[in-house]
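I opened the notebook to write down what I looked up in this structure, one topic at a time.

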Amino acid sequence: MAALGVPRWRCLWRRAAAPLGLRRPGRALLGSRGYGQDAGSEADKEKSDVTKPCFTDELVQRLLSKMTGLDLQKIFRPIKQELKPPTYKLMTEKQLAEATRKAIKEAKELLKMPPVLSEREPIDDVLAEDRILEGTETVKYVFTDITYSTPHRERFIVVREPSGVLRKATWEERDRMIQVYFPREGRKLVPPPIFKDENLMTVFREDRHEDVLNLCIAQFEPDSANYIRVHHQTYEDIDKHAKYDLLRSTRHFGGMVWYLVNRKKTDGLLINMIQRNLMDDATCLINLYHMLYPDCQSAKAAKEQEVHGIDLIKVFMKTESKKVGYIELALQAYQEALASSAAL
Amino acid sequence: MAASMGTTLLRRAAGSLPGLALLPRLFWAQAAPAALLLQLQRPLLRVFSTETDPATSAQPVAFDTESCFKEKPWEYLETEEYIERYGDKPVWLGYRRNHKGPIPPQKTRKTCIRGKKIVGNPCPICRDEKLHVDYRNVKLLEQFVCSHTGVTFHPTRTGVCMKQHKHLTQAINQARDHGLLSFRIPLVSLQSEDYTNQHQAVAKTPPAPSLQSQAPWYAWYEWQQPPEKDIARIRRIYKDYLKEETGPA
């Protein structure tokens, strides 16, 4: 996405017509934009014919946003804020259509997905060693460059230890110092205890997963360990209790689907979609799965037989899923409901 | 007035006399003076009876309940005593401040309890000693936050003293931090940031050659033999004061 800046390497998705190329080693590189350490292997990856799609690809984003849906009633639901007396507007059909169009545009802005990155490499570079300073101080000094115009990721923050060693500040120290000098709205200096495991459990019991994820985005950087841990725990809890509907029509749904598809835990989500009669979303999910794993059985079968719709789901169910019985039941129920409604 | 006198009397009675465990629980507001005297007389008789052993008698009930509610303050809000007293309504409903004139002062009193003295007409939280403001009893805290706007009520509306209002605000913030109380979270958009981590401020810098080769950072950290000319010059200057030759330090 252009707004995120031009990545140094692009993921190329070529249609499965090309022969299978080299597999990319390791899952950690998947969807990472912070990756740029070894420039040498870049060229190899671009040369290989089939590259794994990453989170920021156009096609992937399109599929994810289609699955997320656009429920205006949920996105613009009344929230707790200072109350004003309500305003009533009399509109013609044309004005109503215009207002709906504007609302959809704003909703699309609100549904832009936060980035999915791999964990950042820790910083531990020593810049200088001045043994002469040993014993002069009892505390560490942190020197921060507070030029207003530099981006935070280009800011130099160094620490002078009491032993005289001058080193670069670690990521946690960096985040803390930047929050001290350039405080951001919604971010606290010390992460609140809601992100501890026991408190997370309490919040999940109250079905406030969206709140937790919003707080996480406000508090942590997208490539920090805490951000990734909290997101993964939330997604696991949702998958465990099948509460997918909580995140539908929010900006977190895409991230959750990406997480589940990468770990091949799509069964619960598929059942949920079939039960809610979202067949298009189900096919999008299976297409995404095939994009990420083009060598799996169902992908090959789908390619050979050129299946669509319910048949695609049946093929996927027979080959790749672990909860075959449940998906069959759900499909049966859906077909019966279709038949009865057609009969009526 | 009479009611508060009743509370202080009861407290003193509870402190001084053992065997108050056998008394039924009294609402501080409803104790009639005659009944009070009766209650006070009963323990006096019990102390001298042969059945109860004053040494092993249980501690007065008042202390037990207070400490029990201190540990788990949310339990008090489930008791029938609380329901009978307050019902579904918030704790502060019906409380009226005493002030001169139609407009109340914009700040309530500083505190209701100074040392052991309690003012007349204490605020809704101070008048009930079983109510503890704690970040864990969310039901009590919710009564002081507007459910429509999410804003904490001003003390002039609820009538609490400034000290309790401060405790309440701290407890509400703590509860929100622990995730026990829901609130509106500001939307933070992450679209205009760059996460490539390529700049040398955050990327790996190769260490300096002297660090890699374990050489000292400055050459003069190690002993450097001075040039012969300087040694000779200094020897010449201090010729008369030189002791016998010592090796280089």
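Which residues in α6(A) meet which residues in α8(A)? I found that A:D197, A:L200 and A:F204 of α6(A) meet A:R229, A:Q233, A:T234 and A:D237 of α8(A), where contact means heavy atoms within 4.5 Å.

Before going on, I noted that this is a predicted model, in which local features need pLDDT of at least 70 and side-chain atom pairs count only at pLDDT 80 or more, while totals for chains, interfaces and linings use all residues. Residues are numbered from 1 along each chain as its sequence is written, chains are lettered from A and ligands numbered from 1 in the order in which they are written, and side-chain values use heavy atoms, with hydrogens and water left out.

**Confidence.** I looked up pLDDT, the predictor's confidence in each residue, from 0 to 100, and chain A averages 86, with 85% of the residues scoring at least 70. Over residues 1-48 of chain A pLDDT stays under 50.

**Helices α6 and α8.** Helix α6 (residues 197-205) and helix α8 (residues 225-241) of chain A pack at an angle of about 40°, with their axes 11 Å apart; axes are lines fitted to C-alpha atoms, for helices over the stretch in contact, and angles run from 0 to 180 degrees between N-to-C directions. α6(A) and α8(A) are therefore oblique to each other, since angles under 35 degrees count as roughly parallel, over 145 as roughly antiparallel, 65 to 115 as roughly perpendicular and the rest as oblique.

**Helices α10 and α14.** Helix α10 (residues 267-275) and helix α14 (residues 324-343) of chain A pack at about 10°, with their axes 9 Å apart, which makes α10(A) roughly parallel to α14(A). On the α10(A) side I listed A:D267, A:L270, A:I271, A:I274 and A:Q275, and on the α14(A) side A:Y326, A:I327, A:A330, A:L331 and A:Y334.

**The sheet.** In chain A, 4 strands form an open sheet in the order β1-β4-β3-β2 with antiparallel pairing, where two strands pair if DSSP finds at least two bridges between them. The edge strands are β1 (126-129) and β2 (141-144) of chain A, each pairing on one side only. I also saw that 4 bridges join β2(A) to β3 (residues 157-160) of chain A, and that A:V142 has A:V159 in β3(A) as its bridge partner.

Note on methods. Helices (H or I, at least four residues) and strands (E, at least two) are DSSP runs, numbered from the N terminus.
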